[in-house]
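Welcome! Here are a few exercises to work through with the model open beside you. Take your time, and try each task before you read its solution.

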Amino acid sequence: MKKQLFLLVMTLLPLMASAQAGQATEKYEPVVNGHIAFLGIPLSETANGMKSKLVAKGFKVERVDRETNYIYLLGNVYGVPSQIEISPDYQGKITVRVYIKKSARLPQAKKTYNLFLSKMTETYGSGKYETNDDGWKKYQIDRSNGTVFVELFNEDEMDGASDFYLVAICVTEKTY
């Protein structure tokens, strides 16, 4: 019995690893049906439609804020444990934000930032730095159908006094 269980686990491990690695290497269309897209899902979706499509990709619903109607999901984005926030505006248009699940010291946060920046520029094209300091970076990619931001910032946004940093992605149909 132990041998069979061991063989089953050894068979499933490579499958699980390849499923997680798939998102890290998968290429996504930047535009679907004329709308900017996140992980190949157009932002023309309703918040619940986006949630359903992300759940189908393996993300788990963390919570729904009944006051703001924001939806929070957990999962790996390009291999990084992350929280996804789907935020509808008063017109029902959604913005998608990705935050790394756990803040990190600056060297690790920079690695994650560079990974996210690489994936976003590969998908959406080049952009420009709005801010490019050592502990605060904001890269903006302007498209005719929306904007993508990749950010690195101190966990203590007010004073910048923390030793830990967050990394985020924002995809929106708004143009700036």
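**Exercise 1: A charged pair across the chain**

At 32% relative accessibility, Glu 62 counts as partly exposed. Please keep in mind that this is a predicted model.

Task: Find which residue forms a salt bridge with Glu 62, and where the two partners lie.

Solution. 
- Step 1. The partner is Lys 101, and the closest N and O atoms are 3.8 Å apart.
- Step 2. A salt bridge needs a side-chain nitrogen of Lys or Arg within 4 Å of a carboxyl oxygen of Asp or Glu, so this pair qualifies.
- Step 3. Glu 62 sits in strand β4 (residues 60-64), while Lys 101 is in the loop between β7 and β8 (104-105). The two are 39 residues apart, and the pair links distant parts of the chain.
- Step 4. Lys 101 has 43% relative accessibility, so this residue also counts as partly exposed.

**Exercise 2: Buried or exposed?**

Task: Look at the salt bridge between Glu 130 and Lys 138, and decide how each partner is classed.

Solution. 
- Step 1. The closest N and O atoms of Glu 130 and Lys 138 are 3.7 Å apart.
- Step 2. Buried means under 20% relative accessible area, exposed over 50%, and partly exposed lies in between.
- Step 3. Glu 130 has 48% relative accessibility, so Glu 130 is partly exposed.
- Step 4. Lys 138 has 19%, so Lys 138 is buried.

**Exercise 3: The surroundings of β7**

Task: Work out why strand β7 (residues 94-100) is described as largely enclosed, and which strands pair with β7.

Solution. 
- Step 1. In β7, 5 of the 7 residues are buried, so the rest of the structure largely encloses this strand.
- Step 2. Strand β6 (residues 80-88) pairs with β7 in the antiparallel sense over 7 bridges.
- Step 3. Together β6 and β7 make a hairpin with 5 residues between them. In the turn, Gly 92 has a positive phi of about 90 degrees.
- Step 4. Strand β12 (residues 164-172) also pairs with β7 in the antiparallel sense, over 5 bridges.

Definitions and conventions: Residues numbered from 1 in each chain as written. Predicted model: local features only at pLDDT ≥ 70, side-chain atom pairs only at ≥ 80, totals over all residues. Heavy atoms only, no water. Buried < 20%, exposed > 50% of the residue type's maximum accessible area, 1.4 Å probe, protein only. Helix = DSSP H or I, 4+ residues; strand = E, 2+ residues; numbered from the N terminus. Pairing = 2+ DSSP bridges.
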